[in-house]
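Reader: I should like to go through the assignments made for this structure and the criteria behind them. Please show it first.

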Amino acid sequence: GQDDDPPAGAALTQAFASQGIHLDLDAGVCAVPVSVEVRDDLLEYLLVLPQGASHESLFVAAGDKAPADQRAWVETLNAALLAMGLEAGSNAQWVEKDPRPTPDEIRDGAPTHDVIPPTGDTFFMYCAWREEEEVYFYRLEDLITNLATGRSMRRHGWVYLGSRMVQPRPDEPQEVLAAELEGNLINLSFFRAGNTLLTASLDDCVHQTIWLPNAALTPPRGAPVTLIFTRERLKSLPERLEEQLADAGSGE
């Protein structure tokens, strides 16, 4: 926080910083270190833990932490996002078509449901990294190719879902976040369960086979980059975040 932050605000910022999470409530910015995972295969997720669907996620988080600490990190990230004043929105909904298509129409590919994209409070998302003296700063969507349109993913607000509480096992009464348990934090393609912290919210996200990393822009696999969540659009990378960027030339 700034020098004139109330003590509680400064303590909150420091608590998140100890987990590697940069939170600036005045600027409406949260930033976390992640690493590039998938560069040349289809994507269904944007961010996961190592135990999650890492084979179909652009980024992996908290890979330097033990599994128990990875799960705690998810709770801390969710608390940081909540501290920015969001309320959980609604996941995508599948509404059966009325009238229902005929069997012949269904065989010809007619959809049986209309899909309503997620709605609610949104974040804009960015990605930044350094390569020697050069600083790279992109809207997150610019790093994802939509094979259906031949362009980058359309820029939009990502809906905060906040995951949901689940019971890990019948003999464990303590509930945990489903995102923490499954290790899948931000999804590109829609999933009915709504277990992630954030979801993309474009009509095209009903498809699971059209999203591919924009390999021409994306650093090497394993490269450290900073994932940024903001409430308002950014025109440039905040100076304090630029000072913290790792060099992404160290990937595989």
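Reader: How do you know that the span of helix α2 agrees with its number of residues?

Author: Helix α2 covers residues 67-83, a run of 17 residues. Helices here are DSSP runs of H or I with at least four residues, and strands are runs of E with at least two, numbered from the N terminus. The expected span is 1.5 Å times one less than the number of residues, so α2 should span 24 Å; its end C-alpha atoms lie 25 Å apart, which agrees. The model is predicted: local features need pLDDT of at least 70, side-chain atom pairs count only at pLDDT 80 or more, and totals for chains, interfaces and linings use all residues. Residues are numbered from 1 along each chain as its sequence is written, and side-chain values use heavy atoms, with hydrogens and water left out.

Reader: What makes the contact of Arg240 and Asp24 a salt bridge?

Author: The term requires a side-chain nitrogen of Lys or Arg within 4 Å of a carboxyl oxygen of Asp or Glu. The N to O distance between Arg240 and Asp24 is 3.6 Å, so the pair qualifies.

Reader: Why is Asp24 called buried, and why is Arg240 called partly exposed?

Author: Buried means under 20% relative accessible area, exposed over 50%, and partly exposed in between (1.4 Å probe, protein chains only). Asp24 has 7% and therefore counts as buried, whereas Arg240, at 35%, is partly exposed.
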